[in-house]
Amino acid sequence: MKKLPKNFSLKKWIAELPKLTPEGKRVLLKYSGLLLVVLLFFTFLARTFGRSGQTLAQYGEANPSLQTDFVSGNENTPQENADNGDLTEPAGGQDDGNPTEPASGQDDGGDSLAAAGGKDTDSDDDTAKDNLPAWTVSEDGLTGNGGTESPERVTYKPDFYYEPLSENLIAYITGSSYPSDGSAQISLTDLNYVHILHYNFDGETSEGELICNSAIAQDLVEIFYELYAAEYQLEKVVLIDYYDADDTTSMVANNTSCFNYRNIDDTDKLSKHALGLAIDVNPFYNPYIRFTKDGGQIISPESSEVYADRTQNFPYKIDADDLCCRLFLEHGFTWGGNWNSSKDYQHFQKTID
């Protein structure tokens, strides 16, 4: 770098500026602009690195109005934030063409969702609280298989998989969708937890889960993957235990569900749902219709009568041309919409050897 002459005078130099040639003025403006850019750049760096030198705690102390659980690093756990719901719909329901009572031994309160096997979470007994599983049902009704991943998991596509029921999930459904008195004619080891993705009624991707007979688990992940790829909409897909194993409540909520251990109403015959071999899809828009001897109809759920007229066009209607119906039939299921003495438009079931 050249040194300034000893007799350099800034005042004299400024006085000489008007005498510069046009070329000299252009050069002066060019280098002045570059100098300004450099100064601004170093000012920005000084401010940035000066601010990043603060610790998170120092920043929080300097900005008390911005302090939250996230700033302090104490983010609430899912268990603390989970909303277990307040389910107050009436009891009842249907399956295989008949109304049915909810599974025996279930807890009448929505608070049972956070506890395994219908345990009372309102109890002040500290011992009972200590025995609760280390997970809760999400506010959307999802269990995540009791918060565990099985080494026996079978993944068909990302987020479409099935696996044995976890101990937490078994505790959750026992006394609700699965009997606690040892009367079940299907073993818990013959059931699988199925996880899927689906498009909800807002057109957004949602998680879904089912419990089914292990014999149809592969069918279900394949079918629901095709539905997801086609952006087929299902309002919700959660275990029926979220509705205290109450069919009517689940149908009114338009919940797609599978396993629920119960008989067909007024019979001693087990429903296909009791064996995990039947599934109800978007049930509110695809009701069960039983024809009476006097020519009348019994429609379930009662609030879905408007959708009993299948000559009308409306969203979420399942008919023979519907993608959902075609996929289930291709996988060897039968459809309740093809029955004669009754119609169960939501219902698909499969017979296995």
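How far is the sulfur of C258 from the closest cysteine sulfur, and in which residue does that sulfur lie? The sulfur of C258 lies 5.4 Å from that of C212, its closest cysteine sulfur, which is too far for a bond. The model is predicted, so local features need pLDDT of at least 70 and side-chain atom pairs count only at pLDDT 80 or more, while totals for chains, interfaces and linings use all residues. Residues are numbered from 1 along each chain as its sequence is written, and side-chain values use heavy atoms, with hydrogens and water left out.

A disulfide is a covalent bond between the sulfur atoms of two cysteines. Here a disulfide is taken as a pair of cysteine sulfur atoms within 2.5 Å, and the structure holds zero of them. For C212, the closest cysteine sulfur is in C258, at 5.4 Å. Both residues were classed by relative accessible area (buried, under 20%; exposed, over 50%; partly exposed, in between; 1.4 Å probe, protein chains only). C212 is buried at 0%, and C258 is likewise buried, at 3%.

Helices (H or I, at least four residues) and strands (E, at least two) are DSSP runs numbered from the N terminus, and two strands pair if DSSP finds at least two bridges between them. An open sheet is formed by three strands in the order β9-β8-β11, with antiparallel pairing. Its edge strands, β9 (297–300) and β11 (342–344), each pair on one side only. From one strand to the next the twist averages 10°, with axes fitted as lines to C-alpha atoms (for helices over the stretch in contact) and angles running from 0 to 180 degrees between N-to-C directions.

Strand β8 spans residues 288–291 and pairs with β9 in the antiparallel sense over four bridges. F291 has Q297 of β9 as its bridge partner. The two strands form a hairpin with five residues between them, and G295 in the turn has a positive phi of about 90°. Towards β11, strand β8 makes three bridges, again antiparallel; the bridge partner of Y288 there is D344.

A nonpolar surface patch consists of V38, F41 and F42, which together have about 310 Å² of accessible area. Patch residues have over 30% relative accessible area and no salt bridge, like charges being joined within 9 Å and nonpolar side chains (Val, Leu, Ile, Met, Phe, Trp, Tyr) within 5 Å. A salt bridge is a side-chain nitrogen of Lys or Arg within 4 Å of a carboxyl oxygen of Asp or Glu. Areas come from the Shrake-Rupley method with a 1.4 Å probe; for residues, only the protein chains shown count as cover. V38 is found in helix α2 (residues 22–52) and is partly exposed, at 41% relative accessible area.
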